[in-house]
Amino acid sequence: MTRPIVGIIGNSNLLDGSYPAFTGGRMNAEAVSDVAGCMPLLIPPHPGFVSIEELMAACDGFVFTGGRPNVHPEEYGEEETAAHGAFDRCRDAVTLPLIRACVEKGQPIFGICRGFQEVNVAMGGTLYPEIRELPGRMNHRMPPEGTLEEKFALRHPVKFSKGGVFEALLGADEVMTNTLHGQGIKKPGARIVIDGYAPDGTPEAIYVKDAPGFTLAVQWHPEYRAGEDPVSRPLFEAFGKAVHAFAEARRKKVAEEA
């Protein structure tokens, strides 16, 4: 039997500063394939090439990845400022309605970094443009220099709610994570449950309350060395289990209706 398909939301880039391309990090595909046990499929983040209906029919689950551009503040009712950084309105046009549709249908989604922020905005939440400028907050951004290992090094703990979803999944109420983001949750969206925080109060782990499917999202990057990291592996394993269950239920439904 073929593996379920997980759509990995890509990003728009200019290769060599001139060649337009849709790209996705290899470590995302490795985590989906090797840990979640699904077939990764890179999704071009552009509404001119894909529709929500087509994506949901073709894929069994979705990973909403990190990316340099931020969700445009107009998506949560605020005006654009220099602090908001770069944007990708085409990705916004794909991811936000896709998240809402998946939540409603119970189709598994896993949000990472920007994807974490997209889940919050899709459910009506807002974002701070720059966490490090807030009183008492640390700098959560990726170190500008160093090796890949240094950039993705564990940098702060995340404390989970007692008896919460993440504590149950990871078997611990506190874990160490990397941190490579500039923005963060200001107001949680409707039904968004903040289940984990950094020491400075920055939300780091969320899910959608009463959603019929898997809706976990994290502000850090669990795709880095997902197969060997004791925090990342259970997250992708749980996501993969949810995707497999969704795909099997859909397959049985199609067989019954045939």
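Student: Which residues does Ile206 touch, not counting residues up to four places away in sequence?

Tutor: Contact means heavy atoms within 4.5 Å. By that rule Ile206 touches Phe116, Val119, Asn120, Phe166, Ile185, Ile192, Val193, Ile194, Asp195, Thr215, Leu216 and Ala217, leaving out residues up to four places away in sequence. This is a predicted model, where local features need pLDDT of at least 70, side-chain atom pairs count only at pLDDT 80 or more, and totals for chains, interfaces and linings use all residues. Residues are numbered from 1 along each chain as its sequence is written, and side-chain values use heavy atoms, with hydrogens and water left out.

Student: How many residues has the largest nonpolar core?

Tutor: A nonpolar core is a set of buried Ala, Val, Leu, Ile, Met, Phe, Trp, Tyr and Cys residues joined through side-chain atoms within 4.5 Å. Buried means under 20% relative accessible area, exposed over 50%, partly exposed in between (1.4 Å probe, protein chains only). Here the largest core has 31 residues, and Ile206 is among those with the most contacts inside it.

Student: What joins Asp92 and Arg114?

Tutor: Side chains of opposite charge can pair when their charged atoms come close. A salt bridge is a side-chain nitrogen of Lys or Arg within 4 Å of a carboxyl oxygen of Asp or Glu. Asp92 and Arg114 form one, with the closest N and O atoms 2.5 Å apart.

Student: Is Asp92 buried or exposed?

Tutor: Asp92 is buried, at 1% relative accessible area; Arg114 is also buried, at 1%. Both belong to one network of salt bridges with shared partners, which also includes Glu118.
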